[in-house]
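Please read it alongside the sequence and the model.

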Amino acid sequence: MDMDFDAVIVGAGFAGMYMLHRLRQGGFSARVLETGKGVGGTWYWNRYPGARCDVESVQYSYQFSPELEQEWEWTERYATQPEILRYANHVADRFDLRRDIQFETRVTRATFDEQENLWIIETGAGERLVSRFVVTAMGCLSSPNTPKIPGLSEFRGPTYHTGSWPHEGVDFSGRTVGMIGTGSSAIQSIPLIARQAEHLTVFQRTANYTVPAHNAPLAPDYVRQVKADYREMRARAKTKPAGIDFDINWASAVETSEAERARVFETRWAYGGLGFIASFADLLLNDQSNKTAADFVRAKIREIVRDPRTAEILSPRNIIGCKRLCVDTGYWETFNRPNVTLVDIGDEPIERITPSGLRAKGSDYDFDCLVLATGFDAMTGALLNVDFRGRRGIALNEAWRDGPKTYLGLTVAGFPNLFTITGPGSPSVLTNMLPSIEQHVEWIADCLEAMRTRGQTVIEATGPAQEAWVHEVGNSASITLRATCSSWYVGANIPGKPRVFMPYIGGLPAYIAACEEVVAGSYKGFAFS
């Protein structure tokens, strides 16, 4: 069997682009297969109003090229989707990546041939490619979750999903809109849709915590300061659990006086962003400490939202941080608008979608357009949408029947020469994705170069090493409060999905150390041939 490429990379987002660049640098032949018509991954598909990153732009960027760092100019503290997509396209052009990317190509099946030790990759168009290695770069939040609500196909108006928004945009002027969901994409889009629509009705199952972004244009002096300090800033970020360079207050919330605690929370709130969860070191370890932060946010909601009943509905009751903390611009204030209605469906699910709207709690709601802000089948959805077949024809769906199992979030026992960038069992979604992506890409590239030097062509995680890592991931989650609520971290938003805490919660520094220890031990936990 003739080999077309050393590696096939699935996905042309930030992970796929950098993987291609590194493999080229190492002298490997590679082809990227991408479903969309352009690069950007998450930022190619998620074009809903208000879409922007919740990590500050100067940190949500590649660091492998100092020249790229210095030449690119971010304009806002939190970059919008269009600006991030421009950045992705700039990277693709600057490093001449497009000539090895095949767009509008959906991978449907990949089978490992045990006789030839090669992967056979099949596409939706019937094309077949053969490669030594397969690297998935499909993203953790790239498989939109469309809820199975009775009557969904009967709605007469247009239906939009925030995860696959029309590229030409949507004009809601003079239209009435119903939105299902109040997660991150809803929290970002609701303020903008409300300003445009004649009326917006939001259907909320679970209230979510969100912290103001306090977004603003980046001052030239600040940009110069960052660029002068970029190397040091990146190094500091790698010492932080989330891979983001913000200050962590190592004090305990419950051991801090009430006055000082209030001062710290107010300071963090005024600054804005994800650093709020680092107000005290034990917010995700101690119930009572967590309650002080949750109470503070609930008080802010009551302070901002004028109607007491609406404020009560919007106030979360779960642990702050056990679901993804959101970052917003004017979210709570939007519910003071006369053209916005909030409907609490937490105790009763939507009965059905009707031709003119939906029915919930015994009442009919009519609207012109329906928006599904219902999130993603996170971390595993995109991988399981491809029919991966490993040794003895075992399907990945079957291997993960009781939940995802990986070694380091990078490989799967029984699936030789398959690498999963930011796969389940890695820090990924609990960190700044860009440094996590780069760390995985560099680990894979270094591994393939080491194999070539040693004359090896097959790498596979051993069963015992994988089981030990799965235990480590589960054990690290059990000592924190993150695993205590129904979130997409455990697959709770997908009916029938096994409840397993999927990301590694031990933090980026501990994870990097674990990966380095594996390499130092001659790739301990892997079998080669």
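In the contact between H14 and H16, Ser436, Gln439, His440 and Trp443 of H14 meet Leu508, Tyr511, Ile512, Cys515, Val518 and Val519 of H16, where contact means heavy atoms within 4.5 Å. The structure is a predicted model, in which local features need pLDDT of at least 70 and side-chain atom pairs count only at pLDDT 80 or more, while totals for chains, interfaces and linings use all residues. Residues are numbered from 1 along each chain as its sequence is written, and side-chain values use heavy atoms, with hydrogens and water left out.

Helices (H or I, at least four residues) and strands (E, at least two) are DSSP runs numbered from the N terminus. H14 and H16 pack at an angle of about 0 degrees with their axes 12 Å apart; axes are lines fitted to C-alpha atoms, for helices over the stretch in contact, and angles run from 0 to 180 degrees between N-to-C directions. That makes H14 roughly parallel to H16, a label for angles under 35 degrees, with over 145 counted as roughly antiparallel, 65 to 115 as roughly perpendicular and the rest as oblique. By class, this contact of H14 with H16 has 7 nonpolar, 3 polar and no charged residues, where Ala, Val, Leu, Ile, Met, Phe, Trp, Tyr, Cys and Pro count as nonpolar, Asp, Glu, Lys and Arg as charged, and the others, Gly among them, as polar.

H14 (residues 433-454) also packs against H1 (residues 14-25), their axes coming within 9 Å and crossing at roughly 30 degrees. That makes H1 roughly parallel to H14. The residues in this contact include Phe14, Tyr18 and Arg22 of H1 and Leu434, Val441 and Glu449 of H14, and by class the contact has 11 nonpolar, no polar and 5 charged residues.

The largest nonpolar core has 136 residues, and those with the most contacts inside it are Phe14, Phe172 and Trp443; such a core is a set of buried Ala, Val, Leu, Ile, Met, Phe, Trp, Tyr and Cys residues joined through side-chain atoms within 4.5 Å. The largest share of this core, 11 residues, comes from H14. A second, separate core of 21 residues includes Phe5, Val10, Val107 and Ile121.

Four individual residues are tabulated by accessibility, where buried means under 20% relative accessible area, exposed over 50% and partly exposed in between (1.4 Å probe, protein chains only).

| Residue | Relative accessible area | Class |
|---|---|---|
| Lys323 | 18% | buried |
| Lys361 | 34% | partly exposed |
| Ser428 | 0% | buried |
| Cys515 | 1% | buried |

Cys515, in helix H16 (residues 508-520), is in contact with Leu408, Gln439 and Trp443, leaving aside its neighbours within four places in sequence. Cys515 and Leu408 are 107 residues apart in sequence and 7.3 Å apart in space, C-alpha to C-alpha. Lys323 lies in the loop between helix H10 (308-314) and strand E11 (326-328), and among the residues it touches, not counting those up to four places away in sequence, are Thr206, Asn208 and Tyr489.

Most residues other than glycine have a negative phi. Lys361, in the loop between strand E14 (357-360) and strand E15 (363-366), has a positive phi of about 55 degrees although it is not a glycine. Ser428, in the loop between strand E18 (418-420) and H14, has a positive phi of about 30 degrees and is likewise not a glycine.
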